[in-house]
Amino acid sequence: MSSTLSPFHLAIPVDDLKKARNFYNKILELEEGRSSDHWVDFNFFGHQLVIHYKEKSDSEDNYTNPVDGKDVPVPHFGIILEWETWQDLADMLVEKKN
C-alpha cells in the first residue's frame, strides 16, 4: 500500500442523524469535526465522511449488483486498511458488543 494518502470527501444520506452520529462517533470512535442541525463531518481514517439528514422515502429502491456471488448494495463505501489496523478495529468492535 502506498504511504501517501489522498483524502476523499464522501457525503452520505441518513434518515436518523442522532442514531448515525452515535454510530460513527461512539461505536466506530471517529473524531467529529464541524456540524450543523442537518449534517456532521467525521475523520474517517484521514478522509472526510459527512452524514447528511435526508428524510426517508418509501419510493426509493434498494439496488444491488452481484459481486463474487453476493448481492452488494449500491451505493456503498469502505476503507482499505493495513491488516493490523483492521484487526485493532475488529477487536474494539467485539469488545463493545459485550
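What follows is a working chat about a predicted model, its fold and some of its side chains.

User: What should I know about the model before reading numbers off it?
Analyst: It is a predicted model, where local features need pLDDT of at least 70 and side-chain atom pairs count only at pLDDT 80 or more, while totals for chains, interfaces and linings use all residues. Residues are numbered from 1 along each chain as its sequence is written, and side-chain values use heavy atoms, with hydrogens and water left out.

User: How many helices and strands does the protein have?
Analyst: Two helices and six strands. Both are DSSP runs numbered from the N terminus, helices being H or I with at least four residues and strands E with at least two. Along the sequence the pattern reads β-α-β-β-β-β-β-α.

User: What box do the C-alpha atoms fill?
Analyst: Roughly 40 × 40 × 35 Å, taken along the principal axes.

User: And what share of the residues is buried?
Analyst: Buried residues make up 19% of the 98 residues. Buried means under 20% relative accessible area, exposed over 50%, and partly exposed in between, with a 1.4 Å probe and protein chains only. The protein exposes about 8000 Å², of which carbon and sulfur atoms supply 52%; the areas come from the Shrake-Rupley method with a 1.4 Å probe, and for residues only the protein chains shown count as cover.

User: On to the sheet. What is the strand order?
Analyst: β1-β4-β3-β2, in an open sheet of four strands with mixed pairing. Two strands pair if DSSP finds at least two bridges between them. β1 (9–14) and β2 are the edge strands, each pairing on one side only. On average, neighbouring strands of this sheet are turned by 25° against each other, direction ignored. The axes behind that angle are lines fitted to C-alpha atoms, for helices over the stretch in contact, and angles run from 0 to 180 degrees between N-to-C directions.

User: Which way do β1 and β4 run, parallel or antiparallel?
Analyst: Parallel, with six bridges joining β1 to β4 (residues 47–53). Within that pairing, proline 13 has histidine 52 of β4 as its bridge partner.

User: What about β3 and its two neighbours?
Analyst: β3 pairs with β4 in the antiparallel sense over six bridges, and phenylalanine 42 has leucine 49 in β4 as its bridge partner. β2 and β3 also run antiparallel, joined by three bridges, with serine 35 partnered by valine 40 in β3.

User: How many residues sit between the strands in each hairpin?
Analyst: Three between β2 and β3, and two between β3 and β4, where phenylalanine 45 takes a positive phi near 55°.

User: Phenylalanine 45 has an aromatic side chain. How many aromatic pairs are there?
Analyst: A search of the whole structure finds four. One of them joins phenylalanine 44 and phenylalanine 45, edge-to-face at 5.3 Å centre to centre with 80° between the planes. Rings of Phe, Tyr and Trp (its six-membered ring) pair if their centres lie within 6.5 Å; planes under 30 degrees apart count as stacked, over 60 as edge-to-face and the rest as tilted.

User: Why is the pair of phenylalanine 44 and phenylalanine 77 edge-to-face?
Analyst: Because the planes stand at 70°, with the ring centres 5.6 Å apart. This pair links distant parts of the chain: phenylalanine 44 is in strand β3 (residues 39–44) and phenylalanine 77 in the loop between β6 (70–74) and α2 (83–97), 33 residues apart.

User: Which residues form a ring cluster?
Analyst: Phe23, Tyr24 and Phe42, linked by ring pairs.

User: Now the histidines. Where is histidine 47, and what does its side chain do?
Analyst: Histidine 47 is in strand β4, and it counts as buried because its relative accessibility is 7%. A polar atom of its side chain lies 3.0 Å from the backbone nitrogen of phenylalanine 8. A polar contact is a pair of N or O atoms within 3.5 Å; within protein, one must be able to donate a hydrogen and the other to accept it, and residues adjacent in sequence count only if both atoms are side-chain atoms.

User: And where is histidine 38?
Analyst: In the loop between β2 (31–35) and β3, exposed at 52% relative accessible area. Leaving out residues up to four places away in sequence, histidine 38 touches Leu17, Ile51, His52 and Tyr53, where contact means heavy atoms within 4.5 Å.
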